[in-house]
Amino acid sequence: MVAQFTRGQKSQISAVTAGTDLYVGVHLDAPGDWDISCFGLDVDGKLSNDDYFVFFNQPKSPEESIQLLGAQAGDHESFRVTLDRVPDWIDRLAFCAALDGAGSAAAISSGYFRLVAGGEEVLRYTFSGTDFTAERAVMIADLYRKGVWRVAAVGQGFAGGLAELIRSFGGEVEDEAPSEPEPAVGSGAVPGFGPPSGAAPSAPAPGFGVPAGAPPAAAASPPAPAPSVPAQSASPAPADTGAGVAGVEPSPAAGQRVQPGAMVSLTKFRETPTVGRWTKQNSKMVKVTLGAEALALRGSMVAYQGDVEFDFKGSGIRGFIENKLTQQGLKLMTCKGTGEVFLAEDASDLHIVELNGDSLCVNARNILAFDTTLNTEVKRIESAGIPGGGLFHLEVSGQGTIVVKTKGPPMTLPVNGPTFGDMNALVAWSVGMRISVSSQVRVTRQIYGGASGEALAMQFMGIGGNHFIVVQPFEV
Amino acid sequence: MQGTLTRDYGPTPITDRMSNHGSKIAKVMIEPGKDLFARAGSMIAYEGLIDFDAQPPQLRRMASSWATGEGVHLMTCTGQGPLYLADYGKEVVVVKLDNEALSINGKNILAFDADLHWGIERVKGVSMLSGMGMFNVVLRGSGWAAMTSRGNPVVLDTREAPTFVDTDALVAFTDGLSVQPRRTARLGGLIGRGSGEAFQLGFSGQGFVVVQPSEDPRPNFSVRG
């Protein structure tokens, strides 16, 4: 299954694939000449060793854990990353694109970042120019360590283009430029970014004789996503090849003794540092940093730090929502005060959705928490066939974040033609579609052959725009 | 035969006494003289010769300390060979203790070395409020332990700030932390699961607390209001 990531989404890589030999493909359809590169950053987010700036003039890192493979299979640029060979000091691999010439990132008509393991695409983050304005460089995605290797869909633009990008990683570009190869890629790429002389692109650093775009020296191994046998797999056990043992965490890797100490053993479960108001701790827990109030499902607090009060009195906005939605199982509490609250519910998968002015309809059953700054409107899809007389949902819009919970990994289905979703599996959908309830007879006979008469499908018709529905693999 | 089932899920090399096989199975190397306590019924497979005793003499003395209905029963595992343990698809967390003490919720204990100093203790505070109590297995010394968590756990550092935890989500904590119950029910409202007592446990001191992203389906207390 391909995990569809949205901007800002993060995950452990082990959640999408057990493999550590990854193929990273970046597709970028835009006018102009875009250079896609990979920065190997240390724990401070700095490019402390420029051997780990992998780009067309330096197609691989010294121990070949990061290799540039060139355009193939629909990707404008591709890399092979062998995670368990990446040096320990590298904390983050940042995949970035920078524009060579005139234009801006807003002109990107389509683009994606994908991970392929064992010949199968496992993760895709789709972005487009609407995410950006006049930026000239884009940080597309990160592979980073936080106990285990993780992936983040960044989608962050840089106004100053490659110069700004390198500066943000390496600090002072001008100072380092004479001795470092990375400004070379920037020369001519960004007008106004004047690399000191001597670092011309035609003079690649010694030792990197492979010309731009050519297959790397290690091309003897298949450049495609085909997994290669890891170095330590002398054992004939079949599990040691390819993707490795599925689901086995990479951190206590084979041959690596576990250090004593409970805290050491638990390192991979450490609290993740706060980034913004809502921080995903793992796929099933989020942390909200209070300041402004937040509304959360009653009973979803698992822990908190700081001075936090939980208020249950039905009043104001919460009371209004609750009165309408109580029968659908939405009982909320107000979290206020200062501190951090950890929220989770029944080991459901949680998804943080930043609305940024957009609107979304969410099934009342799938709401975990949201900002009080959001505009909320309780709506009902009425049909005689629905138990309780209608499907209550919350239409949220404005500036803020809503946390959606799903049982199991959900699927986001674009609505082009008529699309049907089982009422019991529906999680969320975009605003502005025509929704009707399919007649039971038709549903049971034609779509859900053999299903009981309870199955009710909602039909969605979207005209124009990017309409979608989200369904979960679990029918309540 | 081809397919991911036979290709990707084979045994992993054994490096330690305890390790994970996937995220939900614990693998323990049982050796003579190094016995193991495990949750009764958690064995899913073993190789070699391993004996299980659900009524060992060491445990009998503890039997009276278990609350009725708490439902945590341990067995001893003796013999030689790799032993695989799991508990209803929960995540398994393997911990190597280094001369320290860890208090693990009785519902979340999966296995621990028999040569650790261990005891069953009531969690302070819970009993004071509910009258019943929550029983933890306290492990002290150096050795291995495995605990379960419904969903990926998160470790919170109590050195940063006093940490308040829903008792249903509590998996384990460093023994020796100061524990304070705290009610946050206000205006007749209730927090926590269902309609029971509304309180959390506050932890402060040098250590950490492990929480799971889910309440445990089994009742925490025999009587719930």
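Modeller: pLDDT is the predictor's confidence in each residue, on a scale from 0 to 100.

Colleague: Where in chain A is confidence lowest, and where is it highest?

Modeller: The lowest mean in chain A, 38, belongs to helix H4(A), residues 182–186, and the highest, 93, to strand S23(A), residues 401–406. Chain A as a whole averages 73, with 71% of its residues scoring at least 70.

Colleague: Over which residues of chain A does pLDDT stay under 50?

Modeller: One such stretch is residues 174–256 of chain A, for which the model has 162 contacts beyond four places in sequence. Residues 441–454 of chain A also have a pLDDT below 50, and there the model shows twelve contacts beyond near neighbours in sequence. Where pLDDT is low, the predicted coordinates should not be read in detail.

Colleague: How is a sheet to be read, and in what order do the six strands of the open sheet in chain A lie?

Modeller: The strands are listed by their place across the sheet: S2-S12-S11-S8-S4-S5 in chain A, with antiparallel pairing. Strands S2(A), residues 10–12, and S5(A), residues 53–54, are at the edges; each has a single partner strand, so one side of each lacks a neighbour in the sheet. Within the sheet, S4(A), residues 33–41, pairs with S8(A), residues 92–100, over nine bridges. One of the residue pairs there is Leu41(A) with Arg92(A).

Colleague: What of the nonpolar cores? Which residues touch the most other members of the largest one?

Modeller: In soluble globular proteins, nonpolar side chains tend to be buried together. Here the largest nonpolar core has 105 residues, and Ala296(A), Leu343(A), Ala146(B) and Val211(B) touch the most other members. Strand S7(B), residues 91–105, supplies the largest share of this core, seven residues. Beyond four places in sequence, Leu343(A) touches residues including Met285(A), Val288(A), Ala296(A), Met301(A) and Leu368(A). Another core, of 65 residues, lies apart from the largest one and has Tyr52(A), Val54(A), Cys96(A) and Leu123(A) among its members.

Colleague: Turning to chain B, how many helices and strands does its secondary structure comprise?

Modeller: Chain B has three helices and 16 strands. Of its 225 residues, 46% count as buried. Among contacts in chain B with a separation of 6 or more, 80% link residues 24 or more positions apart.

Colleague: Which strand of chain B does S2(B) join through five bridges?

Modeller: S2(B), residues 25–30, runs antiparallel to S6(B), residues 74–85, and Met29(B) stands opposite Pro82(B). S6(B) also pairs in the antiparallel sense with S3(B), residues 36–39, over four bridges, with Ala38(B) partnering Met75(B). Three bridges join S6(B) to S4(B), residues 43–46, where Tyr46(B) has Leu83(B) as its bridge partner.

How values were computed:
Residues numbered from 1 in each chain as written. Chains lettered and ligands numbered in written order. Pairing = 2+ DSSP bridges. Helix = DSSP H or I, 4+ residues; strand = E, 2+ residues; numbered from the N terminus. Contact = placed C-beta atoms within 7 Å. Core = buried A, V, L, I, M, F, W, Y, C linked by C-beta atoms within 7 Å. Buried ≥ 20, exposed ≤ 12 C-beta atoms within 10 Å, placed from the backbone.
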